[in-house]
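Please look over the sequence and the structure before reading on.

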Amino acid sequence: MEDRHTEMELDFTKDDLPLMANTNHMLVKHYVLDLDVDVKNKVIEGKIVLFFGNDSREEVREQMEEAGRSWSDETCQVQAPESGSVPVSNASACSPESGCNDFAVCGKGENDTSDKNGSHGNREQASGISSSKNCCDIEIHGNEDFSLVLDCCDLSVLKVEEVDVSLVPGVEEFASPAKLTGSSQDARDRRNQIVHELVTLPADHWKEQLDYYRRCSRAPACGELLFVTGSWSLEIRKAGVQLPKDFPHALRIWYKTKPGGRSLSWTTDQNDRLCVYTVGSPINNRALFPCQEPPVAMSTWQATVRTDACFVVLMSGENSAELTESEEGVLNWFYYVTMPMPASTFTIAVGCWAEVKRKTYATGVQRNDGIFPLFSKADISPHIIFLSQSTLSGGSHLCGTRLCHEIAHSWFGLAIGARDWTEEWLSEGFATHLEDAFWSAAQQQLLADEARERQDLKALLRWQRLRDEVQNSEEDLQVLRPNKENTGKVTESGASVVKHGLNAEKTFMQVHYLKGYFLLRFLAGKAGEAEYFAFLRKFVWRFHEQLILSQDFLRLLLEDIPQLKGYGLSVENIFQKWLDCSGIPKPLLEESQAWQECRLAQQVKEEVVTWVRLNQRARKSGQRKKRREESTFQKAPLKEHLAHTIMGKWLYFLWHKDGLSSDQLVLLLECLLEKKTLCSKTLECLQKTYHLREQDAEVRHRWCELVIKHKYVAGYVDVEKFLKEDQAMGVYLYGELMLNEDAKQQEIAHKIFATTRDQMDVSSAKVVAEMLF
């Protein structure tokens with residue numbers, strides 16, 4: 001290999017998430033995990049075997065670019081794939097984010113300054129590996145040994161060894177003399193050739209492939225490898241190996257997690273039984289197993305997980321769990337995935353779960369609403385969805401829309417991913433936009449005009465949320481393409497950073513969801529919904545299992561629907577007005593007035609006027625009259641009494657008219673939050689009129705905001721309940737309790753946080769602690 005040394009200085013802050021894996025040199029194709037879960041001691045321990053392919057990132061990039069070039073040459077006819085087809089390998093992908101890592105491989109003879117975290121007794125020999133700030137690439141030059149770098153943190157790595165796959169019975173067919181080229185007759189090349197043949201097996205051999213992966217993962221070791229762990233990485237080296245192509249292509253890593261590892265949440269369920277699950281942490285799964293985190297590292301996996309028989313293991317596998325008993329009282333749970341996806345999509349949940357089955361009615365016909373074509377079972381992800389209990393109460397609306405959002409990620413986020421994780425809108429913006437279309441299709445009784453009215457009301461609520469967020473957040477966090485012209489670029493080794501990836505505040509922001517949603521709504525409106533969704537269907541089929549950047553989508557959209565250019569739209573124009581700037585996009589400001597005038601919003605405004613009048617009358621009533629009315633309240637049912645009071649004339653009308661939808665209730669409460677003063681009697685009647693305590697979490701959150709703002713003591717119990725049972729959604733309420741500078745409210749905040757802190761995820765707990773202390 002050519003003698004070269006690449007070192008790049010980048011702005012690397014504590015808020016940026018480093019992606020350390022040198023994916024430009026080697027790419028993982030398959031993981032085999034063999035793990036024991038000790039729920040009581042909060043530890044997962046075992047081994048993982050990584051199988052690497054020979055393809056380089058440059059070859060993968062060429063495949064991706066070719067896919068874009070060939071768009072105009074294909075008719076992109078939509079038809080379902082063959083039943084039972086399972087894609088296994090050759091998934092197109094491209095480079096992840098630009099950025100830097102903070103280590104380098106130094107020349108022999110340099111002092112080892114990283115004598116920590118252990119290297120299985122090999123510290124003396126591993127002294128060529130040391131830590132160096134602001135260096136971005138693993139050096140491959142001169143006579144230095146090559147180092148494989150994996151993303152890893154909060155793990156105790158015990159041993160790393162090369163796997164001798166050549167000893168597996170029956171593997172000879174993968175290493176026949178005809179398949180061994182040139183000088184590849186030695187043992188090292190033979191082992192690597194076997195792995196190459198295994199990872200490139202055709203898709204219709206997926207069952208055989210999984211079996212060989214299992215058998216190869218159990219093969220004996222043929223030597224231990226040197227390794228060093230850092231804050232964000234695991235470096236592995238084999239003495240004398242200087243090129244990636246000569247590095248072992250099958251590695252076994254023995255390790256165990258740490259109780260405080262940030263990829264897992266060790267907690268209790270509603271019945272105080274122990275459980276653990278992956279929390280969708282900003283650091284993804286690197287504290288669960290050593291891996292390649294960048295999206296370019298698309299891989300498949302299989303896992304055997306052992307735990308006490310009282311627990312159920314759920315994973316994001318394609319299959320229903322295969323159970324065996326390894327010993328008395330211990331069960332083995334086996335799952336697998338044959339569709340290549342980033343390691344961040346791996347999920348696990350271990351607990352005393354119970355399956356709830358609902359009766360289904362088979363129609364004998366697959367139903368397709370026309371938004372997207374039907375896929376085979378193997379093509380659909382996710383295979384597991386985590387829903388907060390906050391979505392399950394108060395009717396079906398909130399739960400239904402959240403499910404639609406997560407299902408939309410089957411296409412945008414999983415089947416099609418972002419090449420650069422800073423372009424979060426390519427996942428969340430699409431899922432938010434499709435959420436409305438899916439939810440409308442799920443409500444079959446809705447007429448087209450009714451669906452459009454509901455979507456306009458939803459747009460108004462999202463507009464208000466985006467407006468508030470833009471006013472109360474850092475400008476840097478409002479940009480959808482923060483790397484701008486450097487989006488998608490990486491260092492020579494493939495290392496990069498996710499800008500603001502570790503910023504705790506960003507976890508609770510929705511700007512990427514909302515601005516992305518409004519951009520897609522804007523484009524669909526200009527193109528016409530029918531034509532836009534027709535394009536989207538073709539796009540999904542063409543780029544299934546591939547990674548994209550914003551310009552990939554926008555260029556093909558403008559090419560496929562050329563009339564969009566008549567509105568002055570171009571990729572550069574959309575970057576400038578929507579993706580590369582903070583604040584509210586100017587085109588959005590022009591459209592917001594129309595949503596406020598929609599019929600459903602006007603209904604809410606009428607009720608707001610009613611409540612404002614009622615509040616004014618209640619405040620003007622004299623103390624004597626208030627006492628008399630309060631006495632009457634104690635003697636007669638609320639509805640009967642109010643029919644004869646000043647407020648009752650208005651409330652009687654409200655009780656006997658059609659109820660407001662959940663979204664209309666949210667809008668009503670948000671409008672009332674803008675009023676300077678609401679008296680206690682108004683708030684009491686408001687809660688009883690709309691049964692606010694029984695509504696979904698979005699409505700109850702606004703109710704709690706009203707309670708806090710107006711210091712409505714009778715409603716404090718609702719605030720306490722929300723903070724306990726809806727912890728993630730309640731983070732904002734802690735801030736409101738503290739800002740009001742009311743001793744009782746601050747006492748509530750401190751008391752509830754003290755009892756729930758250990759149950760909260762790390763990001764939520766950090767943000768709340770900053771508010772309180």
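The model is predicted: local features need pLDDT of at least 70 and side-chain atom pairs count only at pLDDT 80 or more, while totals for chains, interfaces and linings use all residues. Residues are numbered from 1 along each chain as its sequence is written, and side-chain values use heavy atoms, with hydrogens and water left out.

**Salt bridges**

A salt bridge is a side-chain nitrogen of Lys or Arg within 4 Å of a carboxyl oxygen of Asp or Glu.

| Pair | N to O distance |
|---|---|
| E162 and K238 | 2.8 Å |
| R214 and D211 | 2.6 Å |
| K506 and E424 | 2.5 Å |

E162 in strand β7 and K238 in the loop between β10 and β11 are 76 residues apart, so that their pair links distant parts of the chain. E162 is buried, at 2% relative accessibility, whereas K238 is partly exposed at 22% (buried means under 20% relative accessible area, exposed over 50%, partly exposed in between, with a 1.4 Å probe and protein chains only). R214 and D211 both belong to helix α3 and lie three residues apart, about one turn of the helix. Salt bridges also link D34, D36, K47 and R306 in a network.

**An open sheet**

Four strands, in the order β12-β13-β18-β15, form an open sheet with antiparallel pairing (two strands pair if DSSP finds at least two bridges between them). Because β12 and β15 stand at the edges with a single partner strand each, one side of each is left without a neighbour in the sheet. β12 pairs with β13 over five bridges.

Technical notes
Helices (H or I, at least four residues) and strands (E, at least two) are DSSP runs, numbered from the N terminus.
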